[in-house]
Amino acid sequence: EAVERVVRDWGRLDIAVNSAGIAHAAPAADLADDCAFSLGLIAPQLPPFDVPAGHTESSWLRHLTMTRARRRYGTPAQHPAAYRQIEHELAIVETLTFPGYFLVVADIVDFCKRNDILCQGRGSAANSAVCYALGITNVDPVRAQLLFERFLAPERDDPPDIDVDIESDRREEAIQYVYRRYGRDYSAQVAIIQACSDSSCPSLFHLDKTEYLKLLVTENKNL
């Protein structure tokens with residue numbers, strides 16, 4: 001009898017708790033809906049890129065790409081496959097509204113080249129014939145049969161990521177150019193801090209302070 005009473009009381013308690021939970025669930029769900037937002041709302045906005053009169057960002061990117069492609073590939077008659085690939089890429093870039101991004105990166109690379117600052121585009125951007133034609137990268141993706149969609153595809157809604165390495169001794173010149181050219185409202189610096197465990201970096205963790213300082217000086221002559 002005692003066991004039955006406990007079971008009966010527990011059942012009533014369970015029903016009460018569940019009922020209270022349901023009663024509070026709707027307001028909580030409404031509050032969650034009110035607080036929810038898309039990360040797209042805080043996505044960085046690209047700076048407007050100044051183009052010559054009569055051009056849009058799309059038309060100017062096409063003009064630059066086709067003009068510079070002749071230095072890489074020759075005429076369309078000489079390399080039809082390359083120009084077919086360029087047309088394919090430009091259509092995707094325009095559909096995804098990223099012409100300005102390619103123009104900004106090409107402009108930074110052009111600044112480095114004008115000032116004899118070593119720079120090199122890398123990563124998945126090397127899969128792009130447009131990047132190769134613009135001079136951002138130096139690997140011919142058409143000849144290497146690289147897949148452009150690994151870099152940018154309509155099925156993905158994330159923006160392209162063009163990595164450009166700039167020589168460390170003169171990187172600050174490029175950074176200041178970006179600030180002057182595009183303003184601080186559109187420019188920022190970010191850093192990636194990497195850490196490793198004792199098992200992944202055993203040689204570092206077993207150095208004493210003197211040996212560690214010697215290693216830092218050897219690896220970074222600017223210290």
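Which side chain meets R170 in a salt bridge? Select R170 and E173: their side chains meet in a salt bridge, 2.8 Å from N to O. A salt bridge here is a side-chain nitrogen of Lys or Arg within 4 Å of a carboxyl oxygen of Asp or Glu.

Before moving on, note that this is a predicted model, where local features need pLDDT of at least 70, side-chain atom pairs count only at pLDDT 80 or more, and totals for chains, interfaces and linings use all residues. Residues are numbered from 1 along each chain as its sequence is written, and side-chain values use heavy atoms, with hydrogens and water left out.

Stay on the pair. R170 is partly exposed, at 23% relative accessible area. E173 is partly exposed too, at 34%. Buried means under 20% relative accessible area, exposed over 50%, and partly exposed in between (1.4 Å probe, protein chains only).

Next, select R68 and D110. They form a salt bridge, with the closest N and O atoms 2.9 Å apart. R68 sits in helix α2 (residues 57–73) and D110 in helix α4 (residues 99–114), 42 residues apart. Helices (H or I, at least four residues) and strands (E, at least two) are DSSP runs, numbered from the N terminus. Are these two residues buried or exposed? Both R68 and D110 are buried.

Now go to D163 and R122. Their side chains form a salt bridge at 3.9 Å, N to O. D163 lies in strand β2 (residues 163–166) and R122 in strand β1 (residues 119–122), so the pair ties together parts 41 residues apart in sequence.
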